Amino acid sequence: MKFRISVCSLVIAGLCLAALGAIPKANAQVNVTQFHNHDSRDGLYIDSAFTPSAAGNLARDLNFDGTISGNVYAQPLYIEGPGGRAMVIAATESNNVYALDAVDGSVIWERNVGPAVSAEDLICTKFDPMGITGTPIVDLASRALFLDAMITPDGGATKKHLIFSLKVDTGDINPGWPVDVEATASYNGINFSAAIQQQRPALGIVGNILYVGYGSMMDCSLWHGWLVGVPIDNPASVTAWAAGGGGSWGGAIWGVGGVASDGKSPFVTTGNTANTGGNWHGGEAIIRFQPGPIFSGSTSDYWAPTNWQSLDQIDGDLGSSGPLLVDVPGAAPSRLLVALTKHRNAYLVNRDNLGGISASIDESQVASSTILQAAVTYRAKQSTYVAFRANNDGNTALSAFRITATNPPTIDIPGGWNVPRPSGGCGSPFVTSTDGASNMIVWVVGTENTGAVIYDGGGPDELMAGTHYYNTTGIVAGGRIYVAGDNKVYAFALPGGTPTPTPTVTPTVTPTTTPTPTVTPTVTPTPTATPTARPTPTPRPRPNPPPRPTPPR
C-alpha cells in the first residue's frame, strides 16, 4: 500500500467535453460535505457559471487570504453557514481545523484537536507530523463535522486515533466525542493498534453511521485493514471489521476515495494481504457492508479477482483508488462498481451481486504504471466515462475510458481519451457541468496542455505551492474552485465570481442523521483541545522515496 508523496508548484487545467440533451438543474453547487461531493464518489459539481468560455477566464483570487498552518492531504469542504455566510473547511497534519470565509479567506474559527505525532515517534511514515490525513465529512442535519486525528497526549510515547465531532459553525467539540478507536474497536479477537494504523481514506456517512477506514504505515508491522462504524447519535457504541485473521494480516483500506455508498450500504476496497495460507482473508477486494459495519461473508457482498494471490505477491493493491459507483443506462447490468488498481487495471463489477472470487464483468489495463488516486465519472453525448490520473512510466497522464451500454458492459479504451504530460501532476480529477448533462469539464491540479485546453493556469499568479501527488483535489462552489495546499487554501474565481449563498437550492446530499448526540463516551479523551492553531513543526530532513515498483517478487 505504499505511495509516493511529492510536492508540486503547479497550475490547474481543464479538458472540455460537450454533451447533448441538457436538462436544466440547480444553478450553483452548494454544500460540499464530503470527498468528491457525493456518496458515489463521482466527483461531479453542477454550477451553471462553468461554461467553457467562462472557465477559460478563470483566475486565482489574489485577495483570498486562505492562510492556515500545517501540511494538507485532505480535500477542503464548503458549507453555507448561519445567515448565509459560506465557509471553506480545511484540516491539516498539525491537527488544525479551520473554517475560512469563502469570499476573502479570513479565519472564521480555528481549532487544534491535539498534538500531532512526529515521524520519529512512528515505526515508519511519509508524513511528518501525522495528524489529520483523510478527508472529513459534514452531516448537515446536525451541522457536525467529523474527522479522525492521530494525536499523542504525552509527547510521542502514546499514540491515539481519535474520531472527533465538531460543531461546524463554531468548531466546538460536540458532547460525547471524541471516540478513542484503540479503546473501542475490536473484531474476532483482533484489537485495533493506533501506533501501527494510518487513516488515509475519506470518511463516509451511511444511514446515521459514520464510517472510518484505516490502513498501514507504509506496510510496516502486522497491520490490518479496518472499517470502524460510529453511530452519530450514540458514539459510545462502536462496531468494527478487520481484514486478516487466523495468522494473516494486511487488507488495508487506504485509497484516497475512502468509503463510497449507494445510500444503503458502505463499500470499500482493500489492499494486499500476507500469510494467508492460500485462503482469502479480505484482501484485494471490493466489499459491501451491512450497517454496522457487518460483513455477511456472502459472495454477493464481496468480489476479489481470481488472481488475488498473485496481486498479494507483487503488492498490486486493488484498493489503491477506492470504489467508484457508476450507473450506465442501457447496460445489463447497469449498476456497476469500478475499481482502478495499483497494478494498472480497471475492473467492472455488478454492485448488486459482487460475485465472490470470480472473473469480473470486464477488466482491462488502462495505464502503463501505477494508479494512485480517486477517479471520477460523468456522462457526455449519451455515453458514460471514467476519468483518472495515472502514473505512466514516471510521467503522469489524464485519461478516460468509456463504458459501453451493452450486455454485458465493457471497458472501451479507444472510445475514451488520453492526454500525457512530460512530468509532474498532482492529485485526483474532478468534473464540472453547467446542468448535470452538458458542458462537462474535467479538471486536475498540475496537468498542463490537456487536449482541448480551456484554462492552463494563466501565469505565475496561478501557481500553488504545497500540493501533493496522491491526494490533492479541488472542489467547486459558488462559481469558484478551491484547492488546499500546505499552509494555504487557494481560490480561483470566474469573472465576477464572488460566492453568493443560495439557501433555497436543495443540497446535493440528503441528510439522514439525527440531531447532535448527548451520550457520554465510555472513553475519556486525553488531549485538551485549544482554540488556537499550532504552527507546523520544522520538518526533519527525510528523503521521499519513489513508489515501490510492482514486478513479481
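Biologist: What rules apply to the model and its numbering?
Modeller: The model is predicted: local features need pLDDT of at least 70, side-chain atom pairs count only at pLDDT 80 or more, and totals for chains, interfaces and linings use all residues. Side-chain values use heavy atoms, without hydrogens and water, and residues are numbered along each chain as its sequence is written, starting from 1.

Biologist: How many strands does the protein chain have?
Modeller: Helices (H or I, at least four residues) and strands (E, at least two) are DSSP runs, numbered from the N terminus. There are three helices. The strand count is 40.

Biologist: What share of the 553 residues is buried?
Modeller: Buried means under 20% relative accessible area, exposed over 50%, and partly exposed in between (1.4 Å probe, protein chains only). By that cut-off, the buried share in the protein chain is 64%.

Biologist: Which residues have the most contacts inside the largest nonpolar core?
Modeller: A nonpolar core is a set of buried Ala, Val, Leu, Ile, Met, Phe, Trp, Tyr and Cys residues joined through side-chain atoms within 4.5 Å. The largest one has 32 residues. β7, β36 and β40 are among the elements that each supply at least two residues of this core. The residues with the most contacts inside it are Y78, W443, I481, Y482 and V489.

Biologist: Which residue in β12 is the bridge partner of L162?
Modeller: β11 (residues 160-167) and β12 pair over two bridges, in the antiparallel sense. In β12, the partner of L162 is D180.

Biologist: Is H36 buried or exposed?
Modeller: H36 sits in the loop between β2 and β3. Its phi is positive, near 55 degrees, in a residue other than glycine. Most residues other than glycine have a negative phi. With a relative accessible area of 0%, H36 is buried.

Biologist: Is N188 buried or exposed?
Modeller: N188 lies in the loop between β13 and β14. N188 also has a positive phi, near 50 degrees. Its relative accessible area is 66%, so N188 is exposed.

Biologist: What is the peptide bond from N407 to P408?
Modeller: P408 is in the loop between β33 and β34. Omega is near 0 degrees, and the bond from N407 to P408 is cis.

Conventions: Two strands pair if DSSP finds at least two bridges between them.
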